[in-house]
Amino acid sequence: MKKITSIFLVFAILSLNLIAFSAGSGITVYVDGNKLDFKDAEPFIENGRTLVPFRAIAEALGADVGWDAKTQTVTISKANPNAQKSDAPDGSKNIQLVIGQKNALVNGASVTLDVPAKIATNRTYVPLRFVSEAMEMGVNWDAATKKITIDTPEFYITLDKNTAEVGDIVKATLNIKNFYGFAGFQINLKYDPDVLQPIDTATDSEFTSTSLPDEGTVLKNSKFSPTAMASNDLENGTLTYGSGYMNMEAYKKSGNSEATGSIAVFTFKVLKKQQTSLSLQNSPSMTKPIDGTMAFNWDGTTLTNYKVLGTVDLNK
């Protein structure tokens, strides 16, 4: 009788698990604003991590997929999205996960997973955050709505005003969004020196060749040794600026990724009232830039999978 009771108990537990799983987790996933349709294979949470069907997430991220049934190995690979830019760095990605194993390979380097890939309801599932961040995507989780957003990182510029008179002060802020593990950058900002004059707010005077812009909201934690440098060509209207954490190991160990925020604020005095632009542009002093930018993460890896919205207009 005890054996029969035990058997019924096991079946009851298995049935409850199956019902809970098949009923749907209520998790929704969006990639760059587009909702993913997982059809009959719902995402689920295990040990605090969301797992999703590997083919659906990989293809949504623009990657190719492979499956080796003999070794139970999932392969996800993606070419450099900026490969069309002749001087861009090699940003191709290759991820390998073995079912049930907590070690994965990203471009040949071993990475420890919180949860391994697994097979459930005859589908192969992979940890969503790991795969997305390995592809240099930003991941955000809204616990209240169970909504996960995965977005392509970006650089962009904003102005504190769109029109200005002669003598007015205009602030141009450089921003980043959704850069996981962002640890440093270099940018080259182009402006018209006949129309705009950069101002050093620390001294309330004109810029020199080594003047720095004001800090932004990220990369300013003194624990991680932030360091900034500038090389400005004022005659030709070019401001080249870079900043980053030197103690990247401590930064990574903190687990606090500064993924979104402002990275610099440039202040300009208006010399002429006419339409003008500020834009991020490549320069010979930069090594394999992407649209006037370079970025690296807390592993010291040069980032390539991002977009640049690098031009703003004044008095248009």
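In this predicted model, Leu189 is in contact (heavy atoms within 4.5 Å) with Ile157, Gly237, Thr238, Leu239, Phe266, Phe268, Leu278, Ser279 and Leu280, when neighbours within four places in sequence are left aside. Leu189 is also among the residues with the most contacts inside the largest nonpolar core, which has 41 residues; Phe155, Phe182, Ile187, Phe266, Phe268 and Leu278 are the others named for this. A nonpolar core is here a set of buried Ala, Val, Leu, Ile, Met, Phe, Trp, Tyr and Cys residues joined through side-chain atoms within 4.5 Å, and buried means under 20% relative accessible area, with exposed over 50% and partly exposed in between (1.4 Å probe, protein chains only). Two or more residues of this core come from each of β14 (154-159), β15 (169-177), β16 (182-190), β21 (238-245), β22 (261-270), β23 (276-280) and β26 (311-314); strands (E, at least two residues) and helices (H or I, at least four) are DSSP runs numbered from the N terminus. Another core, of 30 residues, lies apart from the largest one and includes Val31, Ala58, Val131 and Ile150.

Residues are numbered from 1 along each chain as its sequence is written. Because the model is predicted, local features need pLDDT of at least 70 and side-chain atom pairs count only at pLDDT 80 or more, whereas totals for chains, interfaces and linings use all residues, and side-chain values use heavy atoms, with hydrogens and water left out.

Beyond residues up to four places away in sequence, Asn188 touches Thr238, Leu239, Thr240, Ser279, Leu280, Gln281, Asn282, Ser283, Met286 and Gly292.

Thr152, in the loop between β13 (147-151) and β14, is buried as well, with a relative accessible area of 15%. The side chain of Thr152 makes a polar contact of 2.8 Å with the side chain of Asp32, and the residues touched by Thr152, not counting those up to four places away in sequence, are Asp32, Met137, Asn178, Asn305, Tyr306 and Lys307.

A search of the whole structure finds 15 aromatic pairs, defined by rings of Phe, Tyr and Trp (its six-membered ring) with centres within 6.5 Å, planes under 30 degrees apart counting as stacked, over 60 as edge-to-face and the rest as tilted. Phe224 and Tyr245 form an edge-to-face pair, with 5.3 Å centre to centre and 75 degrees between the planes; since Phe224 lies in the loop between β19 (214-215) and β20 (226-233) and Tyr245 in strand β21, the pair ties together parts 21 residues apart in sequence. Both Phe224 and Tyr245 are buried. The rings of Tyr241 and Phe266, with centres 6.3 Å apart and planes at 90 degrees, are likewise edge-to-face, and this pair links strand β21 to strand β22 across 25 residues. Tyr241 is buried at a relative accessible area of 5%, and Phe266 at 1%. Ring pairs also link Phe155, Phe179, Phe182, Phe185, Tyr241, Phe266 and Tyr306 into a cluster.

Conventions. A polar contact is a pair of N or O atoms within 3.5 Å; within protein, one must be able to donate a hydrogen and the other to accept it, and residues adjacent in sequence count only if both atoms are side-chain atoms.
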